[in-house]
Amino acid sequence: MSGVAAEIAFDRATKRYPGRAEPAVRELTLTVPAGEICCLVGPSGAGKTTAMKMVNRLIDITEGDIRIGGESVRSLDVTSLRRGIGYVIQQVGLFPHMSVADNVATVPRLLGWPKARTRERVDELLDLVELPAEDYRGRYPSQLSGGERQRVGLARALAADPPVMLMDEPFGALDPITRARLQHELLRIQHEVHKTVVFVTHDIDEAILLGDRIAILREGGVLAQYDTPEALLERPADEFVARFLGTDRGLKLLALRRLDELELEPLDGAVAPTAAGSTTLRDALSTMITAGSRSLVVLDSAGEPRGVVTMDSLTGPVA
């Protein structure tokens, strides 16, 4: 498989286990467009990780199919398939006896890349995940923080330029501050590399932040709804989906829009708290409430006032 992002199509993909009455994943049908992040969410027992592992055949499909770029994963040599897919897990799984550079180089080395090309790729990726190669390539996993190890894991998954990446709760074991930082780092990196990503998480807020599309699964691996974050929040398919999204659905919707997207009111000498145009409407509303103000001055990228947004303009459309 080439490094160009590839569409992933689940076609009634089903996984049954011997001795179990119900399948772990039942007739899952959805398409992840090339270059997008699809988040799989749902309660325990919904088959999120099973569905993801069916893509690289760590778990074999019982019925139906999954195609990557139009090619059935069931028709591919399993070793070649897995080497062509990046895989990032919660516990990272770095080799403790190997340096950071050697960990990142694992798949290129298996593929027989020349040493010079491998070294260049390792340095490029360490810089991409903001672990400067000159400082980090010779370190060992025991010398890294949890967040740094996860960045190395991401670099390793990208090393052979795979068209598809699978991420299984990669930030779940990190503290909230590190987790938030890496979530935004993933979005930055994805903006540069444009991979097709299947991302498993139990956290609906993480899915809304990261996902171009979200698949909500019920217990038993049944697809409840598959849509963009905006569409899910505005039009949940049923009560199960609405409950899973949470009672603060309106606030989650505000988190998807930024002040830059609004038509602002004139300044007119307004004295109010300020916020950058990149601020989400949810954070802008929080700033106003904390400051006891019903308005906010929006700043441009140079820090100059652009206009004013009011609490009524934020809450009006949602109400």
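Biologist: Which residues lie nearest the centre of the second largest pocket?
Modeller: This is a predicted model, in which local features need pLDDT of at least 70, side-chain atom pairs count only at pLDDT 80 or more, and totals for chains, interfaces and linings use all residues. Residues are numbered from 1 along each chain as its sequence is written, and side-chain values use heavy atoms, without hydrogens and water. On a 1 Å grid over the protein atoms alone, a pocket is an open set of points with protein on both sides within 12 Å along at least five of seven lines, a cavity is a set where a 1.4 Å probe fits but cannot get out, and lining residues have an atom within 4 Å of a point. The second largest pocket has 20 lining residues, and those nearest its centre are Arg82, Ile85, Tyr87, Val107 and Arg156.

Biologist: Which element gives the most to the lining of the second largest pocket?
Modeller: Helices (H or I, at least four residues) and strands (E, at least two) are DSSP runs, numbered from the N terminus. Two or more lining residues come from each of helix 2 (78-83), strand 6 (85-89), helix 4 (106-110) and helix 7. With five residues, the top contributor is strand 6.

Biologist: What is the volume of the largest pocket?
Modeller: A volume is the space filled by probe spheres set on the grid points, which are joined across faces, edges and corners. For the second largest pocket this gives about 410 Å³. For the largest pocket it gives about 860 Å³.

Biologist: Which residues of the lining of the largest pocket are the closest to its centre?
Modeller: The lining of the largest pocket holds 28 residues. Closest to the centre of this pocket are Leu187, Ile208, Leu209, Leu210 and Arg258.

Biologist: Which helix gives the most to the lining of the largest pocket?
Modeller: Helix 8, helix 9 (204-210), helix 10 (229-234) and helix 13 (281-291) each give two or more residues. The leading share, eight residues, belongs to helix 8.

Biologist: How many residues of the lining of the largest pocket are charged?
Modeller: Ala, Val, Leu, Ile, Met, Phe, Trp, Tyr, Cys and Pro count as nonpolar, Asp, Glu, Lys and Arg as charged, and the others, Gly among them, as polar. On that scheme the second largest pocket is lined by twelve nonpolar, five polar and three charged residues. In the largest pocket, ten lining residues are nonpolar and eight polar, while the charged ones number ten.

Biologist: Which helix supplies the largest share of the lining of the largest cavity?
Modeller: There are two cavities of 30 Å³ or more, and the largest has a volume of about 80 Å³. Its lining includes Gln150, Arg151, Leu154, Leu182, Glu185, Leu186 and Ile189. Helix 7 (146-158) and helix 8 (176-193) each supply at least two residues. The largest share, four residues, is that of helix 8.

Biologist: How many residues in the lining of the second largest cavity are nonpolar?
Modeller: This cavity holds about 50 Å³ of space, and its lining includes Leu158, Met165, Gln190, Val193, Lys195 and Val197. Two or more of the lining residues come from each of helix 7, strand 7 (164-168) and helix 8. One lining residue is polar and one charged, and the nonpolar count is eight.

Biologist: Why is helix 1 largely enclosed by the rest of the structure?
Modeller: Buried means under 20% relative accessible area, exposed over 50% and partly exposed in between, with a 1.4 Å probe and protein chains only. The buried residues of helix 1 are Lys48, Thr50, Ala51, Met52, Met54 and Val55. Helix 1 (residues 48-55) is largely enclosed because, of its eight residues, the buried ones number six.
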